Amino acid sequence: MQELAIYRLNTGSCNGCDIEVVGALAERFRLGDAGARAVGEPENANVLLVTGVVTSKMKEHLKHVYEKIKPPKIVVAAGSCALSSGVFEGSYNIPNLVDEVISVNAYVPGCPPSPHAIVGAIADVTRAKLPSWRPPEDFRGVPEVDDEKCVGCAACVEMCPAGAIDIVDEGSERTVRFSHAKCIFCALCEEVCPEDAIKMAARYHIAAKNKDEITDEAKLELAKCTNCGALFVPSKQLQKISERILEDVGEYRGFRGAIEKSMGICQNCRTLLENARAAKSLLFSLNEAVRDY
Amino acid sequence: MPKTITFGPYHSEFLEPEIYEVVVDGDKIIDVKIEQGYTHRGIEQLASTKTYRQGLFLCERICGLCSHAHSCCYCQAVEDAFGVEPPRRAEYIRAAVFEFERLQSHHIWLALLFRTLHDENQFAKLLNAREPLMDLIELICGNRVHYSVNAIGGVRRDLKPAVINRARQLLDGLEKLSTEVLEAIKTHAQRISGIGVLPRERAIPAGVVGPILRASGIASDIRKDDPYAAYDEVDFDVKVEDSCDVLGRALVRVKEIPESVSIIRQLFDRLPSGELRAEVGAPREGEGIGRVEAPRGELIYFVRSNGTNIPQRVKLRPPTYVNDHAVVEMLQGEKLDNFQLVLESLDRCLSCTNRVSIIDARTGSKRVVRVSDLG
C-alpha cells in the first residue's frame with residue numbers, strides 16, 4: 001500500500017472537523033504509523049478529505065481540487081455536514097451534498113468526528129494496526145435505540161434538530177430509523193425519550209463505505225382500530241399509555257376496560273358521534289371517580 | 001508597477017476558505033480586498049425555522065472553536081426574552097466550560113502561530129499538550145468540539161467531583177506550560193514585533209474586539225464590563241499589551257492562559273450545590289440580548305419571540321466579522337512576507353462571519369444586503 005498523502009478541503013464547515021484534522025497531527029494519534037501524512041497542496045495529495053457542507057461558492061472549487069488529486073484519488077467525507085448537510089439541511093446556500101458533486105469512497109460520521117475516528121478510518125484503508133481507542137463512559141457517540149423499550153411515540157423525531165430520525169409505516173409495521181449520517185450527536189433524542197430507549201453509544205469507530213448503511217432502527221407492530229380495522233399507532237404505545245394512566249391515578253383502575261377500549265379507536269373513528277359520546281361519558285365518570293376521592 | 005496577488009479561497013495556511021486579493025508594489029502591500037461568503041450557510045434564516053431547543057444546537061454548530069460561546073450566548077438571549085434565570089450551579093458550570101474552551105482555543109491558535117513561524121517543535125509541543133485538555137473536555141461534555149452542555153434555562157451535564165480532581169491536576173500543568181510558551185514567543189519577538197500594527201487610536205474606529213483590541217492597549221472584556229454566567233463572582237485581570245502588533249496579540253493570549261486557569265480554580269472552589277436547570281415555561285412575546293466574551297472577542301445575539309416555539313428572528317454579531325476587516329488597515333504598508341503572520345494574528349474563524357453580499361453583474365460593485373432592502 002502506498003503512503004497516503006491527505007489534503008483537507010473545507011467546503012463550508014464550522015471549523016470543528018478542520019480543528020480535529022489538525023488535532024490528528026498530535027503524536028498520540030500516530031498518523032504516520034497509520035501510513036498517512038497531511039499535505040498542504042492538492043497537487044501533492046492522493047487522498048481528499050472534505051469537511052463541511054458544500055456551499056454554492058465552494059461547489060466549483062471542490063470539482064477543481066478533485067481534478068488535481070493524484071491517483072488512487074480516494075475521497076473521504078468527514079463529519080455530518082459533508083455526509084448529509086447535518087443541521088444545515090434546507091439552507092438556501094447549500095445546493096448539493098459532497099457525493100452529488102464528486103464520488104466519495106468513505107464516510108466518517110461525527111459532529112465532528114474525533115481524531116480517533118479520522119485516523120481509525122485511514123487505518124482501515126491502509127490496513128495498519130493501531131490501538132483501539134476507547135471513549136469515556138459519557139461520550140456522545142451514535143444514538144442506539146433499544147427495540148425492547150421503544151414504543152414508537154416519535155418524540156425524538158419531533159425534536160431532532162437535523163431531521164436524522166424517520167418514522168416509516170409499512171404494512172403492519174412501524175420502523176423508527178436513526179440515520180447516523182445525518183446525526184449531529186447532540187443527544188436531544190436521548191434527553192426527550194420518555195421510555196429511556198435511546199443511548200448514545202460510547203465508541204469512536206463508525207466509518208463506513210456506504211452512508212445509507214450506517215443506521216440503527218427499532219421495529220414495532222401497529223395496532224388495528226377496533227372500530228374500522230385501519231392500522232394507526234404501535235400497540236406497544238397504546239399499552240404503555242394505558243399502563244401509565246392506571247399507574248398514576250389509582251381511582252381509574254376500575255375503568256381499565258373502558259379506557260383500553262376507547263384508546264383502541266383510531267383518530268378518524270373517534271370523531272364518529274357514538275364514539276365521541278362514549279368518550280365523553282367515560283371522561284365524566286373518570287372525573288367523578290377523582291372527585292369522590 | 002503594482003500587481004495583484006490572490007490568496008485563496010483554499011490555501012495551505014488557511015483553515016477556512018476566503019479570498020484575499022493583495023495589491024503589492026514590489027514587496028510592499030498597498031491594499032487588500034477581502035472576499036467572503038465561501039462558508040455562508042444561511043444560519044440566521046435557518047434559525048427562524050427551528051424551535052428554540054433545536055436552534056441551540058444549530059447556533060452551537062456555527063463555529064467549532066467558539067461552540068460553547070455561541071450556545072451560551074443564544075441561551076442568554078432566549079432566557080432574557082423569556083425572563084428565565086438559570087440556577088447558580090448552572091452559571092458556574094457554564095463559566096467553567098467557557099474557560100476550558102478559551103484554553104483549548106488559545107492553545108490551537110498558539111500552535112498555528114508557531115507553525116506560521118516555521119517553529120515545528122513548538123507547534124508539535126502545543127498540539128500534544130492540548131490533547132490532555134481535549135480529553136478532559138471530552139470527559140466533561142461527551143465531545144471534544146461541540147460541547148452541548150447548555151440548555152435554555154441551565155445546563156444539561158453536571159460537573160462530577162472525580163472530573164474536578166482530574167481537572168485540577170491538569171490546570172497545574174497548563175500554567176507551567178504557559179510560562180514556557182511565553183519564553184518561546186520571546187525568542188521570536190524580533191520577527192513578530194512591529195508588524196501588523198493597529199494603533200490604539202485606530203482600534204476603536206476599526207471596530208476590533210477581544211484580544212486584538214486588548215493588544216492595542218484597550219482593556220475591554222465583556223467578562224469584566226458586563227459580567228454574565230458566574231464571572232461576577234471571580235477575580236481575574238484583563239491582560240492588556242500596548243505594542244499594538246502581532247507580538248502584542250500573542251502575549252495577550254498567552255497571558256490569558258494563567259488567568260483562565262485561575263478562574264476555573266475559583267469556580268471549582270466555590271461551586272454551589274443545587275439544581276441544573278430552571279423551569280422555562282411557555283414562550284412569550286418579547287426580545288432578548290446575549291453578550292459574551294468569546295475566545296476571539298465580543299459575541300452578541302439578539303432574539304425576537306412572537307410567542308410561538310420558533311423564534312421570529314435570531315441575529316448575531318460574531319467577533320471575527322469585525323476583526324477580519326481590520327486586517328486591511330493592518331496590512332497596508334506592510335511587507336508581503338508578513339502577510340501570513342498578520343493574518344494569523346487575528347485568530348480568524350470565518351465560519352461565523354460569512355454574510356450575503358449582492359454583486360451587480362453590470363458594474364461589478366458589491367454591497368451587503370440590509371433587512372430594509374428586503375422590504
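Two strands pair here if DSSP finds at least two bridges between them, and strands themselves (E, at least two residues) are DSSP runs numbered from the N terminus, as are helices (H or I, at least four). The views below show a predicted model, in which local features need pLDDT of at least 70, side-chain atom pairs count only at pLDDT 80 or more, and totals for chains, interfaces and linings use all residues. Residues are numbered from 1 along each chain as its sequence is written, while chains are lettered from A and ligands numbered from 1 in the order in which they are written.

**View 1. The bridges, strand by strand.** Strand 1 (residues 3-7) of chain B joins strand 2 (residues 19-25) of chain B through 5 antiparallel bridges. Look for B:Thr6, whose bridge partner in strand 2 is B:Glu21. Strand 2 and strand 3 of chain B run antiparallel and are joined by 7 bridges; here B:Val22 has B:Val32 as its bridge partner. Strand 1 of chain B is hardly covered, with 0 buried residues among its 5. A residue is buried if 20 or more other C-beta atoms lie within 10 Å of its own, exposed if 12 or fewer, and partly exposed in between, with C-beta atoms placed from the backbone.

**View 2. Where chain B touches chain A.** The contact takes 41 residues from chain B and 48 residues from chain A, where two residues are in contact if their C-beta atoms, placed from the backbone, lie within 7 Å. Helix 1 (43-47), helix 2 (52-60) and helix 5 (120-141) of chain B are the elements that give two or more residues to the chain B side. Helix 5 of chain B provides the largest share, 6 residues. By type, the chain B side divides into 17 nonpolar, 15 polar and 9 charged residues; Ala, Val, Leu, Ile, Met, Phe, Trp, Tyr, Cys and Pro count as nonpolar, Asp, Glu, Lys and Arg as charged, and the others, Gly among them, as polar.

View 3. Chain A is divided into domain 1 (4-126), domain 2 (143-201 + 210-221) and domain 3 (225-292), with bounds from an automatic or database domain assignment. The C-alpha centres of domain 1 and domain 2 of chain A lie 27 Å apart. At their meeting place, 10 residues of domain 1 of chain A are in contact with 11 residues of domain 2 of chain A. Helix 3 (residues 80-84) of chain A gives the largest share of the domain 1 side, 3 residues. That side divides into 5 nonpolar, 4 polar and 1 charged.

View 4. Stepping back for context, chain A has 10 helices and 11 strands. Its C-alpha trace spans about 80 × 35 × 30 Å along the principal axes. Of its 293 residues, 42% count as buried.
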